[in-house]
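Let's take a friendly walk through a protein model. Keep the 3D view open and find each spot as we come to it.

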Amino acid sequence: MKPTTAMTARIITIALSTFVAFLALVAVAGAHPEGRDSGAPATGDTAAFAWLHPGVVPAGWTTRRLAGSPARLSAPPGWRAAAGDPGTETMVLRAPSGHIIGYLNATPRQGGERAADWPSFRLDHNRDEGLRKDTLLAAAGDLQFRSGTGSCVLDSYTTSTGNRYREIACLVVGRTATTVIVAAAPPSRWAAEAPLLDRAVSDFIT
């Protein structure tokens, strides 16, 4: 039987639909190649972390090594060590009033942190710590550090005492250690402190 014009059009439509579906399957399969952590924010908002340029710690900075870890946290002149949890290192910059206007902390991986879900993990952790109004501003993964690869977030929150802060928090996976580095400052001081905070994060080693 000779196909009619309508039959021919229907065959062509079915063939095109099948081909489009095939291309979609190929695209999905290619998006998560074998062995890749498919949940990781592979790109994300990388422009928000364009300042990340691993380099050598500037002269005059203070460097403190985490106990039992190759991780090293560096801070600019004028920053002072502050008490923290065992195995961590914290450096702060205080205003004459005593208010913290700059904060740096390095903490070894506690066990639950993963690059795949770092943004949600970090915000959940902050809320568990009693921080309020925690807002994710940007996130990106596969960021290059001096000694590994990191997944970072930029977020803002309010402490239980009502103080507002903005933070950079990165989970950095090195060859022998995985460490979280946090750099924070009040929004009113962010423009002034961000260049040094960015440099401290960029020069971090784990």
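## A serine in a loop

Serine 147 sits in the loop that runs between β6 and β7. This is a predicted model, so treat each value in the tour as computed from its atoms. Is serine 147 buried or exposed? Its relative accessible area is 9%, and the cut-off for buried is under 20%, so serine 147 counts as buried.

What surrounds this serine? Leaving aside residues up to four places away in sequence, serine 147 touches Val173, Gly174, Arg175, Ile205 and Thr206. With threonine 206 there is also a polar contact: a polar atom of the serine 147 side chain lies 2.7 Å from the backbone oxygen of threonine 206.

Now look at strand β6, which covers residues 132–145. Most residues other than glycine have a negative phi. Lysine 133, in this strand, has a positive phi of about 55°, although it is not a glycine. Aspartate 142 also lies in β6, and its phi is likewise positive, near 55°.

How accessible are these two residues? Lysine 133 is exposed, with a relative accessible area of 60%. Aspartate 142 has 41% relative accessibility and counts as partly exposed.

How many disulfides does the model hold? The count comes to one. This disulfide joins cysteine 152 to cysteine 170, with 2.1 Å from S to S. Cysteine 152 belongs to strand β7 (residues 148–158) and cysteine 170 to strand β8, so the pair links distant parts of the chain, 18 residues apart. The link of cysteine 152 and cysteine 170 is right-handed, with 115° about the S-S bond.

Cysteine 152 counts as buried at 1% relative accessibility, and cysteine 170 is buried with a relative accessible area of 0%.

## A strand covered on both faces

Strand β9 spans residues 178–185, and eight of its eight residues are buried. In a regular strand the side chains alternate between the two faces of the sheet. On one side of β9 are Thr178, Val180, Val182 and Ala184, and on the other are Thr179, Ile181, Ala183 and Ala185; all of them are buried, and both faces are covered.

Which strands pair with β9? One is β8 (residues 164–174), which pairs with β9 in the antiparallel sense over eight bridges. β8 and β9 form a hairpin, with three residues between them. Another is β5 (residues 100–108), also antiparallel to β9, over six bridges. Tyrosine 103 has alanine 184 in β9 as its bridge partner.

## The largest pocket

Rolling a probe the size of a water molecule over the atoms shows where empty space is left. The largest pocket has a volume of about 880 Å³. Its lining is made of 29 residues, and those nearest its centre are Tyr103, Asn105, Arg122, His125 and Glu129.

Which elements supply at least two residues each to this lining? They include strands β5, β8 and β9, together with helix α2 (118–128).

Note on methods:
Residues numbered from 1 in each chain as written. Predicted model: local features only at pLDDT ≥ 70, side-chain atom pairs only at ≥ 80, totals over all residues. Heavy atoms only, no water. Helix = DSSP H or I, 4+ residues; strand = E, 2+ residues; numbered from the N terminus. Buried < 20%, exposed > 50% of the residue type's maximum accessible area, 1.4 Å probe, protein only. Pairing = 2+ DSSP bridges. Disulfide = S-S within 2.5 Å. Polar contact = N/O pair within 3.5 Å; in protein donor to acceptor, adjacent residues only side chain to side chain. Contact = heavy atoms within 4.5 Å. 1 Å grid on protein atoms, 1.4 Å probe; cavity = no way out; pocket = protein on both sides within 12 Å on 5 of 7 lines; lining within 4 Å. Points joined across faces, edges and corners; volume = space filled by probe spheres on them.
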